[in-house]
Amino acid sequence: MQEATFLILTALANGSQHGYGIITDVQEISGGRVLMRPGTLYTALDRLHSDGLIEVDGEEIVEGRLRRYYRLTPEGAKTLSSEATRLQAHATTALTRLKLAGGMAL
Amino acid sequence: VTDGSKLERRYRRSLVWYPPQFRQENSEEIVAVLMACSRDGQRRPGLAASADLIRSGLSMRLRPSARSSAPTVRAAVRLMYTGAAVTTLSLVIGIISLAYVGQGAATLRAAGRNQPFPVAIAVGIVVGLAEIALWLWMARANSEGRNWARVISTVLFGLATLHLSGNKDALQVVFALVTWLVALPAVWLLWRPASSEVFKRQSVTQAG
């Protein structure tokens with residue numbers, strides 16, 4: 001899974017959000033490192049939607065502008081969960097090995 | 001006219017890169033997000049944002065039916081578009097080298113004076129254009145999960161393989177080899193189990 005995809009799914013993990021909300025949230029989750037642009041976001045949303053990982057969760061008009069909310073589907077939550085578990089396992093392995101090496105070198 | 005509405009009009013204009021269907025369903029929303037992302041008093045779309053819209057819009061056009069597809073099919077389709085690009089490049093370079101370098105140029109100049117345009121060159125250009133069209137057609141049909149397209153792509157790849165030794169000119173050999181190397185993984189990807197799944201599903205949908 002690409003990092004952008006992972007971050008979008010993570011932004012939607014605890015509730016629905018609209019496009020701009022996802023952009024600011026992704027920036028926050030990544031510690032300000034990932035600035036997602038609208039073009040990239042909507043290409044990703046379109047793909048995630050057609051893959052059945054997200055769905056539209058209503059629309060509203062705020063100050064004359066359309067806001068569409070997205071949320072994870074059960075399939076999307078499952079995919080994110082298994083990807084997060086995989087990344088966590090990798091990270092744990094990396095840190096454990098570094099600690100082992102650190103016992104000698106650092 | 002305020003700066004804001006000017007900016008909005010410009011953003012709307014840069015959405016033309018997206019497929020019409022997608023634009024119809026999403027442009028209001030994307031414009032809203034673009035406007036929310038813009039700075040106060042901004043009058044023009046930023047370079048990075050424009051580049052991102054162009055890139056995203058085109059990439060969406062190039063994968064018209066990413067829906068109900070598989071990563072292997074998408075990768076194969078991307079390779080086919082690469083094949084079309086390489087073929088276009090080889091045609092352009094071929095024409096340029098014909099027109100300006102070596103014997104071909106002399107032939108062309110002679111043709112300009114008193115002979116009809118050399119048939120071989122005209123045929124070469126038509127064949128080149130047909131090759132590009134084939135790449136694009138195959139890319140589109142495969143991305144839509146048409147099984148006949150997968151079969152035709154494979155047959156075309158077989159013919160290209162047989163034809164590999166038929167090139168004489170060094171430039172032709174290089175380009176034939178490069179396009180063959182693009183086609184090889186594309187065909188391989190089309191027959192991966194994940195791809196077969198897509199083609200099977202699609203033919204069931206069409207039959208039913």
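## What counts as a salt bridge

A salt bridge is a side-chain nitrogen of Lys or Arg within 4 Å of a carboxyl oxygen of Asp or Glu. Side chains of opposite charge can pair when their charged atoms come close. By this rule, the count over all chains is 14 salt bridges.

## The model and its confidence

This is a predicted model, where local features need pLDDT of at least 70, side-chain atom pairs count only at pLDDT 80 or more, and totals for chains, interfaces and linings use all residues. Residues are numbered from 1 along each chain as its sequence is written, chains are lettered from A and ligands numbered from 1 in the order in which they are written, and side-chain values use heavy atoms, with hydrogens and water left out.

The model scores ipTM 0.85 and pTM 0.59. Another score is pLDDT, the predictor's confidence in each residue, from 0 to 100. Chain B averages a pLDDT of 84, and 86% of its residues score at least 70. Helix H7 (residues 147-163) of chain B has the highest mean pLDDT, 92. Helix H5 (residues 102-113) of chain B has the lowest, 63. Helices (H or I, at least four residues) and strands (E, at least two) are DSSP runs, numbered from the N terminus.

## A:Arg71 and its two partners

A:Arg71 pairs with A:Glu55 in a salt bridge, with the closest N and O atoms 2.8 Å apart. A:Glu55 lies in strand S2 (residues 54-62) of chain A and A:Arg71 in strand S3 (residues 65-72) of chain A, so this pair ties together parts 16 residues apart in sequence.

A:Arg71 also meets A:Asp57 in a salt bridge, at 2.5 Å from N to O. This pair too links distant parts of the chain: A:Asp57 is in strand S2 of chain A, A:Arg71 is in strand S3 of chain A, and they are 14 residues apart.

How accessible are these side chains? A:Arg71 is partly exposed at 33% relative accessible area (buried means under 20%, exposed over 50%, partly exposed in between, with a 1.4 Å probe and protein chains only). A:Glu55 is partly exposed at 28%. A:Asp57 is partly exposed, also with 28%.

## Salt bridges with chain B residues

B:Arg140 forms a salt bridge with B:Glu144, and their closest N and O atoms are 3.9 Å apart. B:Arg140 is partly exposed at 43% relative accessibility. B:Glu144 is partly exposed at 24%.

Salt bridges can also form a network. One links A:Arg65, B:Glu8, B:Arg12 and B:Glu28.
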